[in-house]
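Q: I have a structure open and would like to learn how to read it feature by feature. Could you walk me through a few places?

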Amino acid sequence: MAATAQPLASKRTVKRTAWTALASHYKKVAKLHLRQLFADDPARGERMSLEATGLYLDYSKNRVTDETLKLLFKLAKEAGLKSRIEAMFSGEKINITEKRAVLHTALRAPKDASILVDGKNVVPEVHAVLDRMAGFSSRVRSGEWKGHTGQRIRNVINIGIGGSDLGPVMAYEALRNYSERSMTFRFVSNVDGTDFAEVVNGLDPTETLFIVSSKTFTTLETMTNAQTARAWSLKGLGGDEKGIAKHFVAVSTNAAEVSKFGIDTANMFGFWDWVGGRYSMDSAIGLSTMIAVGPENFRAMLDGFHSMDEHFRTAPFEKNLPVLMGLLAVWNNDFLGAETVAVLPYEQYLKRFPAYLQQLTMESNGKHVTLEGNPVTHATGPIYWGEPGTNGQHSFYQLIHQGTRIIPCDFISFGKTLNPLGRHHDILLANVFAQAEALAFGKTHDQVKAEGTPDWLVPHRVFEGNRPSNTILAESLTPTTLGKLIALYEHVVFTQGVLWNIDSFDQWGVELGKVLAQRIIPELEDKAEPMLKHDSSTNTLIRRYRKFKESQ
């Protein structure tokens, strides 16, 4: 049953003794090197590892001792992490600034589950939408759904932005091996007209289906692209307005605007206020994913999500993958002073995974005030970034190995490849293990000197090492595994937010720029010279842009 406790913001902030103890502890271990830690404990690599839900985590190459971990687990308990986890799963409105429940976990709950929001079980609604998605996806995939001129749909274009785009793009790329290869899937998000122009280039409007993803059906970028798509479709359909209903469907809750656009509301797929955009890829926002990989594979992905949810909810902290990774991330961020995290998937299909995590992590935990509205007194939200290996090794690894910043790394790899080609996978995995080893242990001055390196060159070839990393290893990249990985990081983000005492589920920081843009748009479009009341920089830029327009 949903809790009815007082809002968290009404509670007084309590200083956590474990945080103070960790600060003192850091002073004692700051100069410890991973070389020494492994030398003192030859079994460290076996001991500091954890396997759950089919994911194996080696966290031994983090700069922590048993005492560090003990204090981190104490911090989690002092922060009330267990009760906060239960509050989220039970439907309590833990998004306090928007007074909303946070129930992306309900999107993958089994049919017989009961999860209450304002006294109502939301699980039946979730499965009703999933069943409608499955029926529609099957009709499109089989060719039963025809375009306005009777042509089969061969192209599916998702129009969205933020969580309505990043999740579907990432999932499609990650599961491309399981996708319907006779169909083309593309994605439009940027309001830059080039994005739309390139996406539709070479496509036949009579064979193209657009999925417009906007909860309100008023999102500026999405609806600008949707109107352009509508005009493009009508031109290719001979101008017949009735054709829109066969070439557009909506993921939205605004039936009036959807109908006004020309979409049959029978082909409108809804979702709920208790699902944040960056947590919505396994809702109706994932319709393009389901069409691409089929309902069975989509449900397998949901099963993966759910298995990690249950692990996070029930496992003790010491054996809990998201809790452990979240604690280590806080240690690296707030005590080691690491400002970024590199996510390095050694799997080409996961090439968009770091970009997906950027929104998930930074929109969630890029906050400067506590739940009580007070300024935070510590660093929050590190910058997440990355690229697939081995490409990154020939790009930015130089800075990770020998730069002046500490950059913790998450290496993600798989024991089996989906495309076995000779020695490729052995070489790929050798690089994963080698990079983590090199970051941890480096290469000393004496080792470089012993290789016969001239004295003047020795400093340039020394690797300091002592750079922390996690290595995640799974059997293979399946839909189920993808669900587990995404849910893992969702719950890592949650854990971090609880320890930092911030609201991980609002995103007020995205609003101001959008509001100001609405003010500036007419100033760019008006034929008469507008009266500008911005700062001198913005006024000058607007005038210069208007001159460019006049000369076109």
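Q: Which residues of strand 10 point one way, and which point the other way?
A: Happy to start there, and do keep in mind that this is a predicted model. Thr 340, Ala 342 and Leu 344 point to one side of strand 10, while Val 341, Val 343 and Pro 345 point to the other, and all are buried. The strand, residues 340-345, is thus listed as mostly covered, with 6 of its 6 residues buried.

Q: In which sense do strand 10 and strand 11 pair?
A: The two pair in the parallel sense, over 3 bridges. To find the place on screen, look at Thr 340, which stands opposite Ile 383 in strand 11.

Q: What should I look for around a charged residue such as Glu 372?
A: Begin with where the residue sits, then look for its partners. Glu 372 lies in the loop between helix 15 (353-365) and strand 11 (383-385). This glutamate is buried yet has no salt bridge, and Arg 16, the nearest side chain of opposite charge, is 7.0 Å away. A salt bridge would need a side-chain nitrogen of Lys or Arg within 4 Å of a carboxyl oxygen.

Q: Which side chains make polar contacts with the side chain of Glu 372?
A: One is Thr 370, at 3.0 Å. Another is Asn 501, whose side chain is joined to that of Glu 372 by a polar contact of 2.9 Å.

Q: Which helix does Asn 501 follow?
A: Asn 501 follows helix 20 and has a positive phi, near 60°. Helix 20 covers residues 479-500, and its 22 residues reach 32 Å from first C-alpha to last, close to the 32 Å expected. Of those 22 residues, 21 are buried, so the helix is mostly covered by the under 20% cut-off.

Q: Why does Ser 214 count as buried?
A: Compare its relative accessibility with the cut-off: Ser 214 counts as buried because the value is 2%, and buried means under 20%. Ser 214 is in the loop between strand 7 (208-213) and helix 9 (220-236). Its side chain reaches the backbone nitrogen of Phe 217 at 3.0 Å. Leaving aside neighbours within four places in sequence, Ser 214 is in contact with Thr 219, Thr 222, Met 223, Val 251 and Ser 252.

Q: And where is Ser 283, and what is in contact with it?
A: Ser 283 is in the loop between strand 9 (268-269) and helix 12 (287-293). This serine counts as buried because its relative accessibility is 3%. Beyond neighbours within four places in sequence, Ser 283 is in contact with Leu 107, Met 133, Phe 271 and Phe 298. As for Met 133, its C-alpha and that of Ser 214 are separated by 16 Å.

Terms used:
Residues are numbered from 1 along each chain as its sequence is written. This is a predicted model: local features need pLDDT of at least 70, side-chain atom pairs count only at pLDDT 80 or more; totals for chains, interfaces and linings use all residues. Side-chain values use heavy atoms; hydrogens and water are left out. Helices (H or I, at least four residues) and strands (E, at least two) are DSSP runs, numbered from the N terminus. Buried means under 20% relative accessible area, exposed over 50%, partly exposed in between (1.4 Å probe, protein chains only). Contact means heavy atoms within 4.5 Å. Lys and Arg count as positive and Asp and Glu as negative; His and the chain ends are not counted. A polar contact is a pair of N or O atoms within 3.5 Å; within protein, one must be able to donate a hydrogen and the other to accept it, and residues adjacent in sequence count only if both atoms are side-chain atoms. The expected span of a helix is 1.5 Å times one less than its number of residues. Two strands pair if DSSP finds at least two bridges between them.
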